[in-house]
Amino acid sequence: MATSVELSTEEGGTEGGPLLDVRNLHVEFRTREGVARAVNGVDYSVDAGETLAVLGESGSGKSVTAQAIMGILDSPPGFVTQGKIIFQGRDMLKLSGEERRKVRGARMAMIFQDALSSLNPVLNVGEQLGEMFTVHRGLSRKQARAKAVELMERVRIPAAKERVRSYPHQFSGGMRQRVMIAMAMALEPELIIADEPTTALDVTVQAQVMDLLADLQREYNMGLILITHDLGVVADVADKIAVMYAGRIVETSPVHDIYAKPAHPYTKGLLDSIPRLDQKGQELYAIKGLPPNLLHIPPGCAFNPRCPLAQDVCRTEVPPLYRVSRDRASACHFWKEVVGDDSAPADKA
């Protein structure tokens with residue numbers, strides 16, 4: 001029989017365990033209109049040196065999950081209501097605010113998607129990079145400035161000694177993103193979360209930024225969570241993929257398997273939406289409908305109103321994560337039809 005799969009492991013922080021282990025995470029936003037369930041039981045893990053790409057449309061819960069991991073949710077209205085975030089053997093949700101601040105920046109860091117709004121416009125980049133060293137390492141301003149120049153050179157910003165006195169608006173979009181990467185890398189954290197790091201950049205600059213992230217990851221053996229809606233960005237850099245929809249993980253897979261044979265209708269729709277050279281002159285595919293209102297997530301599978309395979313069971317029963325293969329899982333009652341594997345049993349555990 002096809003079996004549902006529990007993807008998490010036991011806590012303990014023993015050697016050889018994952019760097020980060022997110023288990024059954026639930027996040028909700030309490031608004032005047034009602035409670036928006038933004039994250040509904042997310043499980044994923046990241047090892048040292050591994051890249052996990054988290055994919056999905058806007059509103060799928062990707063960034064909210066990352067904010068919960070970092071401990072930067074606006075509370076209220078956002079609240080973690082259930083789950084564990086085990087980082088290097090410790091549950092971040094059980095730490096005090098001061099303890100989490102010591103972890104944030106020094107051991108885990110985040111690269112935000114909008115560098116211009118994330119950087120302080122009235123401070124030059126040298127002051128902003130140097131602050132990491134004065135606050136966390138107790139260096140003098142002169143020492144911190146020297147470290148800032150080193151960081152800028154490391155992320156391949158030309159003429160770093162001169163540009164260290166420049167302000168954010170004096171950099172191009174791609175160079176500002178490099179400054180954000182330098183800021184995240186300043187204290188050599190074990191985990192980096194990159195939230196749409198190539199948004200609004202042209203294709204050539206996107207590739208340069210992704211190559212830079214990959215090089216730095218290899219150099220420092222960091223874990224990397226790459227949040228994106230673009231399957232094309234992650235093909236060459238990710239080790240595994242988690243696809244999110246309406247706050248849930250709907251498919252997990254090694255990166256190359258998911259491109260060859262997606263196991264969830266939503267993943268297949270995302271792949272079919274990527275423009276291809278052999279489609280010249282044809283209408284581009286788009287998944288019909290819109291993501292659900294998180295205040296009113298439909299019963300059963302949240303994707304059922306948009307799914308071409310939806311049947312009665314999809315409208316009444318939330319699908320668990322089924323084990324598709326040793327390292328793949330899909331939250332679809334009819335995943336075998338998506339994969340095209342007639343030999344796979346349809347029964348649920």
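I181 touches I111, V155, V209, L212, L213 and L216, not counting residues up to four places away in sequence; contact here means heavy atoms within 4.5 Å. The model is predicted: local features need pLDDT of at least 70, side-chain atom pairs count only at pLDDT 80 or more, and totals for chains, interfaces and linings use all residues. Residues are numbered from 1 along each chain as its sequence is written, and side-chain values use heavy atoms, with hydrogens and water left out.

**Nonpolar core**

- I181 is among the residues that touch the most other members of the largest nonpolar core, together with L20, Y44, I69, I225 and I241.
- This core holds 110 residues, and its largest share, seven residues, comes from helix α7 (residues 173-185).
- A nonpolar core is a set of buried Ala, Val, Leu, Ile, Met, Phe, Trp, Tyr and Cys residues joined through side-chain atoms within 4.5 Å.
- Buried means under 20% relative accessible area, exposed means over 50%, and partly exposed lies in between (1.4 Å probe, protein chains only).

**Annotated domain**

- The UniProt record, an unreviewed entry, places the feature "domain: ABC transporter" at residues 22-271.
- UniProt positions follow the numbering used here, feature names are shortened, and annotations may be inferred rather than shown by experiment.
- The span of residues 22-271 is 39% helix and 27% strand, and its end C-alpha atoms lie 26 Å apart.
- Helices (H or I, at least four residues) and strands (E, at least two) are DSSP runs, numbered from the N terminus.

**Sheet and the helix across it**

- Four strands form an open sheet in the order β2-β1-β4-β5, with antiparallel pairing; two strands pair if DSSP finds at least two bridges between them.
- The edge strands are β2 and β5 (90-91), each of which pairs on one side only.
- Strand β1 is joined to β2 (residues 34-46) by ten bridges in an antiparallel arrangement, and a hairpin of two residues links β1 to β2.
- Strands β1 and β4 pair in the antiparallel sense over eight bridges, and the partner of E28 in β4 is F79.
- Helix α1 lies across β1, β2 and β4 and runs at about 110 degrees to β1; axes are lines fitted to C-alpha atoms, for helices over the stretch in contact, and angles run from 0 to 180 degrees between N-to-C directions.
- In a regular strand the side chains alternate between the two faces of the sheet.

**Backbone features**

- A cis peptide bond joins S75 and P76, with omega of about -5 degrees, and a cis peptide bond also joins P76 and P77, with omega of about 10 degrees.
- P76 is found in the loop between α1 (62-70) and β4 (78-87), and P77 is placed in the loop between α1 and β4.
- N24, in strand β1, has a positive phi of about 45 degrees although it is not a glycine.
- N24 counts as partly exposed because its relative accessibility is 32%.
- R156 lies in the loop between α5 (141-154) and α6 (160-163) and has a positive phi of about 65 degrees, although it is not a glycine.
- With a relative accessible area of 42%, R156 is partly exposed.

**The segment before β1**

- P18 lies in the segment before β1 (20-31) and counts as partly exposed because its relative accessibility is 27%.
- P18 and F87 are 69 residues apart in sequence and 8.2 Å apart in space, C-alpha to C-alpha.
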